Amino acid sequence: MLNDKLGNWTRTHRCGDLTAAQIGEEVCVMGWAQRRRDHGGLIFIDLRDREGVVQLALDPDRDPTSHQKAEQVRNEFVLAARGKVSPRPEGTVNPKMKTGEVEIEISELLILNRSETPPFMLDEFTEVAENIRLKYRYLDLRRPALQKNMLMRHLVAKTVRNYFDSQGFIEVETPVLTKSTPEGARDYLVPSRVNTGSFYALPQSPQLFKQLLMVSGFDRYFQIVKCFRDEDLRADRQPEFTQIDCEMSFVNRAQVMDIMEGMVAKVFKVALDVDLTLPMPRLSYAEALDRFGVDNPDLRFGMELIDITQQVAGSQFKVFSSVAASDGLVKALNVKGGATFSRKELDDLTDFAKIYGAKGMAWVKVTEAGWQSPIAKFFTEDELTALNEKLAAEVGDLLLFMADTSAIANEALGRLRGHLGQKLGLASKDNYQFTWVTDFPLLEWDAEQRRHVAVHHPFTAPLEEDIPYLDTDPGKARAQAYDLVLNGSEIGGGSIRIHDQAVQSRMFELLGIGAEEAREKFGFLLDALDFGAPPHGGIAFGLDRLMMILAGTDSIRDVIAFPKTQKATCLLSDAPNEVDDKQLQELGVRLRTKQQ
RNA sequence: GGGGCUGUAGUAGAGUUGGUUACAACAACGGCCUGUCACGCCGUAGGUCGCGGGUUCAAGUCCCGUCAGCCCCGCCA
């Protein structure tokens, strides 16, 4: 059957926008049939567009032609309808719908297109397995939840652009086909046909180009830009993702952080109508690790880590005292009211800690009769008193202990803290607690590669007072870096950059990148720094992670229109796919066989 | 590279100790119905139990392998 033609019909309203204010108006709406209710005589159709749903009423007595057409309508047919907005008869108002006070009395109906029966209902109620949703992503995107997320993402991007514009930033595009560089994540490579045997890399970030823009005098740059990292996926990680990237000249750390707080506050106001308190708290890396065990602490709840290494150093409990003697850490958490945890729950917590390298976990239930714990017997009265005091232990509390190297004790107990915060409902989704984390180490020792690697990236400037350490004790040098952490998630990170060619060369040297390699890989940057590079610094925010928190979802796929699966494939387009041998030949690329 | 969870009509699920023809719901299709709104009523159709192998008289169910989706560790300057 032929579809109706749109002709010169013009939409006057979006479905979801019709309210009592339009009563009496002749309107024209277009959208998808969400559901048809056929009463034999009267037919109701819920028509949906991105703003919502409105009820069309088709009365055979008013217009038999459109009523007849309405009998053919099935789910997801594309309709255009003209009619009068009317108040619903008494007793038939639907308070659950935004448009529930009105309906459109249809005088003319067009079936613009038909639809196969969709593989799943496109309403807000039906739950569908994610692989099915991803295969039919264009249908899933038609549903209210994803429509809402994508509309919000647009609003956030618009707000970011307006804010940066108002602060004198300009958006400049940087290359997507660029140069592979050592350090950092695995690159996505693109073979060059014109230069057989050579490859471009897709950018992990526009880092070098934005620094060059500072050398070029643009002063304040930003870009909302795709970045690519060929690493394994997580619930909050996709191989291609979007950064809000920016860079400023003639600024120090505090000035960068101030401007960025303003941007984040604007975004929260526009997207959620939430007023943030500025300035945001600032924690040093050392303090974050000491108090929370991780460099991305969730500040929605307390339950801080407590260092009890001193208190147990002399105890009979060898697991603790030996760690204390070997420069490790013994730390504890006081889970208020946690004495009700079952043995199974405690075992589960232990298993959780083991994921992060912990060898075990000691626990204590604080009861009226004292410590109920497998390890209670190892401690003297004095030691118990000291520990109870240090941990502010009260009857009903659960104390969890971790003894290990400082790295493992901190991470395992810190993760356990985050896990317990979720489990105990201490981390409400609509509570937004920010903190900056600063003074990261500049370098860390990579035992496998037997060299220092940059904690942030190789262009990060050391704290001015720590520059002497570069020659004496590089591991001790701290960086002029800063991460913005929201509810335990790192949503942004940046630094003041090195603008001095000599310092940059020294940095490469420390990273074990020889002068020749540095010249080959980064020569263009080193050259640029020699031509009057201004002091500069910047930051990049992960737009997808920010959107996850704004949208209140646990999956990055819910804020990306066309996301990849965990194996980095696209179930919709079937990418990546094999290509014709002819294409490979043109590129000068030959596939290795499995045996090789 | 490693650990874990899941896979049964189009969809989301039930299926007990291995035992008759694999269930009911929603969706679909046909019919009835003039105030429903996740409409209602009657009827019809719809299955490679992810795939492959094994054990068994007998496998959706037990075992092995494999594929896919998800979560995590490693990885992610």
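**Notebook: a sheet and a helix pair**

I began with strands S13 (residues 329–335) and S16 (residues 398–404), which run antiparallel and are joined by seven bridges. Strands here are DSSP runs of E with at least two residues, helices are runs of H or I with at least four, and both are numbered from the N terminus. I found Leu 329 opposite Asp 404 in S16.

A note on what I am reading: this is a predicted model, where local features need pLDDT of at least 70, side-chain atom pairs count only at pLDDT 80 or more, and totals for chains, interfaces and linings use all residues. Residues are numbered from 1 along each chain as its sequence is written, chains are lettered from A and ligands numbered from 1 in the order written, and side-chain values use heavy atoms, without hydrogens and water.

Next I looked up the whole sheet. Five strands form an open, antiparallel sheet in the order S12-S13-S16-S14-S15; two strands pair if DSSP finds at least two bridges between them. S12 (306–307) and S15 (370–372) each have a single partner strand, so one side of each lacks a neighbour in the sheet.

Then I turned to helices H4 (residues 144–166) and H16 (residues 543–551), whose axes come within 10 Å and cross at roughly 125°. Axes are lines fitted to C-alpha atoms, for helices over the stretch in contact, with angles from 0 to 180 degrees between N-to-C directions. Among the residues in contact (heavy atoms within 4.5 Å), I noted Met 152 of H4 and Met 547 of H16.
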